[in-house]
Amino acid sequence: MKLWPAKSGTLHGIREIDFRGEYAIVTTHCGQRFNIRDSRNSRAARWLRNKWAQNACRKCRIPEWKLKKYAGTQFSEYGSDLKHRQ
Ligand SMILES: [Zn+2]
């Protein structure tokens with residue numbers, strides 16, 4: 001499961017990412033959808049450093065170990081995904 005930090009500050013589990021050229025649509029495990037534009041603005045990275053795991057989505061049922069991992073290796077996986085699409 002990959003994780004998505006929403007603008008609200010809630011961390012969701014990603015069920016699906018649908019790439020559509022200029023942007024992508026993330027579908028979370030709790031059924032919400034987010035449009036992602038340029039991922040290289042480091043909003044997600046800043047969010048991580050400041051308040052990761054403070055407010056994880058309960059519906060997505062993200063395990064605690066995953067939240068901890070997200071602060072490290074998981075984030076670099078996420079980054080490589082985004083490079084891959086370009
Ligand atoms: Zn969620």
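**Aromatic pair, zinc site and fold**

Modeller: A search of the whole structure finds one aromatic pair. This is a predicted model, in which local features need pLDDT of at least 70, side-chain atom pairs count only at pLDDT 80 or more, and totals for chains, interfaces and linings use all residues. Residues are numbered from 1 along each chain as its sequence is written, and side-chain values use heavy atoms, with hydrogens and water left out.

Biologist: Why is the pair of Trp 4 and Phe 34 called tilted?

Modeller: Rings of Phe, Tyr and Trp (its six-membered ring) pair if their centres lie within 6.5 Å; planes under 30 degrees apart count as stacked, over 60 as edge-to-face and the rest as tilted. Trp 4 and Phe 34 are 6.4 Å apart, centre to centre, with 40° between the planes. So the rings pair, and the label is tilted.

Biologist: What makes this pair a tie between parts of the chain?

Modeller: Trp 4 lies in strand E1 (residues 2–5) and Phe 34 in strand E4 (residues 33–36), so the pair ties together parts 30 residues apart in sequence. Strands (E, at least two residues) and helices (H or I, at least four) are DSSP runs, numbered from the N terminus.

Biologist: Why is Leu 3 called buried?

Modeller: Buried means under 20% relative accessible area, exposed over 50%, partly exposed in between (1.4 Å probe, protein chains only). Leu 3 has 1%, so Leu 3 counts as buried. Leu 3 is found in strand E1. Trp 4 and Phe 34 are buried too.

Biologist: Which atoms coordinate the zinc ion?

Modeller: They are His 12 (ND1), Cys 30 (SG), Cys 57 (SG) and Cys 60 (SG), at 2.0 to 2.3 Å. Donors are N, O and S atoms within 2.8 Å of the metal (3.2 Å for Na, K and Ca); water is not among the atoms, so sites may look incomplete. The donors follow the spacing H-x17-C-x26-C-x2-C along the chain.

Biologist: Why is the site of the zinc ion called tetrahedral?

Modeller: Four donors count as tetrahedral if all angles lie between 85 and 135 degrees; four count as square planar and six as octahedral if opposite donors are over 155 degrees apart and all others between 65 and 115; anything else is irregular. Here the angles run from 102 to 119°, so the site is tetrahedral. His 12 lies in strand E2 (residues 11–20) and Cys 60 in the loop between helix H1 (43–51) and helix H2 (64–84), so this pair ties together parts 48 residues apart in sequence. Both His 12 and Cys 60 are buried.
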